[in-house]
Every structure is written in structure tokens, then in C-alpha cells.
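Keep the sequence and the 3D view open while reading.

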Amino acid sequence: MTQNNNTLSANPPFFDVVSQVRAMRRLKSDPVPLEFLRKVLEAGVQAPSGQNTQPWKFLVIHDPDEKAWFRERYANAIETRFGGFGQIAEDGDSKFARQIKAVKYQCDHMHEFPLILLVAGERDWPFKVAEKDRVGLAPPNYGAVYPCVQNILLACRSLGLGAALTTMHQVFEDELHAHFGIPDTYGVVVAIPIGWPMGNFGPVTRKPAAEKTFFNKWGNTDPGEWG
Ligand SMILES: Cc1cc2nc3c(=O)[nH]c(=O)nc-3n(C[C@H](O)[C@H](O)[C@H](O)COP(=O)(O)O)c2cc1C
């Protein structure tokens, strides 16, 4: 079994890991040992949540037929929402075209990846929505689920596993609920295909924090007297 020489005790420095958590969309079909998955999920549940309610649940899809079911709907969602991948995937070498090619690869091969992890959040109205204004189902508790998801992505990277956050399942979420028996009290927030990556992790491309940071007043980039 190929594990890319990664071990469960892999412990790379945090600041290296956090700057290399890229969306890894090209994955091998080699299996991910259950103890690796457990380690990843244990990292997920260390996340904070309001009043420590821990409103997340995981659904791990590894059965080949179930993965194929998911893949078919996922591809259809991209087709109906974006009109498919079009020419851009075939030609062009812009950054966007390269990303689309990777998304297309992920879509075409998703059923071959070892597992697709669904992270669901218990539904909860945000404080600012008054009781009288509540209509339909509450949104899943995104605020708690995303820290959990980021822990999962960090843990995957630490163990040498590739993972990519996806959200297209929202297009067919009703069907998803019915097919997998997910109760209405939960919303599926993300679907994360996980496996051993084909490419290198490499650094992410992000603007520096200094370009996003103000001090004392919005728009003021000068930290002023410090300490
Ligand atoms: C809320 C959210 C939704 C996303 N949805 C998708 C998605 O549906 N499909 C996908 O392939 N990537 C998705 N991504 C991943 C982003 O496209 C990716 O993180 C971004 O382009 C930066 O690329 P990098 O992580 O490789 O640096 C999503 C990320 C976030 C945070």
C-alpha cells in the first residue's frame, strides 16, 4: 500500500503546514488507512464552537457505488450551474484555466479517490435573526463547522494527505439528504475528497496580512505607538 512515506506521527512545523494547505484536487486511488482518517477527524473535533456545542457530524463516503452516486450529481451540478468546463479546460494556461483543469480532474475522478468526507453542521439561527423573522430551515452552524474543517485540512496536510474543500453539493442537497438519510436538523457544509496527492503541496498564493490589516480605525494601516 502506497502511503508516500507518511506516518501517523508526522509532525511538520505549524507555520510550514499552514502556508501549504492548498486545494489538492488530483489524488491517487490508493487507500487511506482508517487510523489516518481517525487522526484527521480527531483534529477536526478539537475546533472551538459556541458554548462548546460541537455541532458537527461527519459522513465518510468510501463505498465505490456511493462515491459514484455522489460524483454523478456533482458533475451534473457543475454542468447545470456553470455549463460544464467548456474550452477553458482544454486550452489556455492562465491560472484560472489551470484551476479549472484541476477541478475537472477532480470531478472526472472523484469516484476513484479513496474517500469523500461530508462535514455537516446542526442547524441554528444566527442571533440577529429574530424569532418572528425565521422562515424555513435555519442555516447550518457555519461559524462552528469552518474551524473544524480548517483543522481537518491542516491535519491532512500534516499527514501528507491531499484534500480540497468543495461546496457544489449544495446544488443537490435535498437529494443528498434523501439518499444518505441525513436529517433536516443538519445541513451539509462541505464535501472534502481526501487521498494521497499526485502533485506537490507547494505554497499557497495569498496577499500578505499587512494588506488586510488596519489599526484602531478602518483604513488606517499604521500601527502607531506600540506597547
Ligand atoms: C467557502 C469555500 C468554498 C469552496 N468551494 C470550492 C468548490 O466548490 N470546489 C473547489 O474545487 N474548491 C472550492 N474551494 C477551494 C478554493 O477554490 C481554494 O481554496 C482557492 O481557490 C485557493 O486555492 P488554494 O487553496 O489551492 O490556494 C472553496 C473554498 C472555500 C473556503
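## Overall fold

This is a predicted model. The protein has 227 residues, and 24% of them count as buried. Its C-alpha atoms fill a box of roughly 55 × 45 × 40 Å, taken along the principal axes.

The secondary structure comes to 6 helices and 4 strands. Read from the N terminus, the order is α-α-β-α-α-β-α-β-α-β. Take the contacts between residues at least 6 apart in sequence: 80% of them join residues at least 24 apart.

## The sheet

The 4 strands form an open sheet. Their order is E1-E2-E4-E3, and the pairing is antiparallel. Strand E1 (56–61) and strand E3 (162–163) stand at the edges. Each has a single partner strand, so one side of each is left without a neighbour in the sheet. Helix H5 (residues 142–159) packs on this sheet and touches E1, E2, E3 and E4. The direction of H5 makes about 155 degrees with that of E2.

Strands of a sheet pair through backbone hydrogen bonds, in either a parallel or an antiparallel way. Here, E1 and E2 pair in the antiparallel sense over 6 bridges. Within that pair, Leu59 has Leu118 of E2 as its bridge partner. Strand E2 (residues 115–122) also pairs with strand E4 (residues 186–195), in the antiparallel sense and over 8 bridges. Two of the residue pairs can be picked out. Ala120 is bridged to Val188 in E4, and Leu115 is bridged to Ile194 in E4.

How enclosed is E2 by the rest of the structure? Of its 8 residues, 6 are buried, so E2 is largely enclosed.

## The nonpolar core

The largest nonpolar core holds 38 residues. Val119, Cys156 and Ile192 touch the most other members. Several elements give two or more residues to this core: helix H2 (34–44), E1, helix H3 (64–82), E2, H5 and E4. Which of them gives the largest share? H5 does, with 9 residues.

Cys156 is worth a look in the viewer. Leaving aside neighbours within four places in sequence, Cys156 is in contact with Val40, Leu161, Gly162, Ala163 and Ile194. Ile194 is also the E4 bridge partner of Leu115.

## The ligand shell

Which residues surround the ligand? They are Arg22, Ala23, Val103, Ala164, Leu165, Thr166, Thr167, Met168, Val204 and Thr205. This shell divides into 6 nonpolar, 3 polar and 1 charged.

Met168 is one of the shell residues. Met168 lies in the loop between E3 and helix H6 (173–180). Met168 counts as partly exposed, because it has 17 C-beta neighbours inside 10 Å. Not counting residues up to four places away in sequence, Met168 touches Tyr74, Ala77 and Ile78. Met168 and Ala77 are 91 residues apart along the chain, yet their C-alpha atoms are separated by 6.7 Å.

## Loop and tail residues

Pro126 lies in the loop between E2 and H5. Is Pro126 buried or exposed? Pro126 is exposed, because 10 other C-beta atoms lie within 10 Å. Pro126 and Phe36 are 90 residues apart along the chain, and 34 Å separates their C-alpha atoms.

Gln54 has a phi of about 50 degrees. Gln54 lies in the loop between H2 and E1. With 15 other C-beta atoms within 10 Å, Gln54 is partly exposed. Asn216 has a phi near 65 degrees. Asn216 lies in the segment after E4. Asn216 counts as exposed, with 8 C-beta neighbours inside 10 Å.

Definitions and conventions. Residues numbered from 1 in each chain as written. Predicted model: local features only at pLDDT ≥ 70, side-chain atom pairs only at ≥ 80, totals over all residues. Near = placed C-beta within 6 Å. Nonpolar A, V, L, I, M, F, W, Y, C, P; charged D, E, K, R; others polar. Pairing = 2+ DSSP bridges. Contact = placed C-beta atoms within 7 Å. Axes fitted to C-alpha atoms, helices over the stretch in contact; angles between N-to-C directions. Buried ≥ 20, exposed ≤ 12 C-beta atoms within 10 Å, placed from the backbone. Core = buried A, V, L, I, M, F, W, Y, C linked by C-beta atoms within 7 Å.
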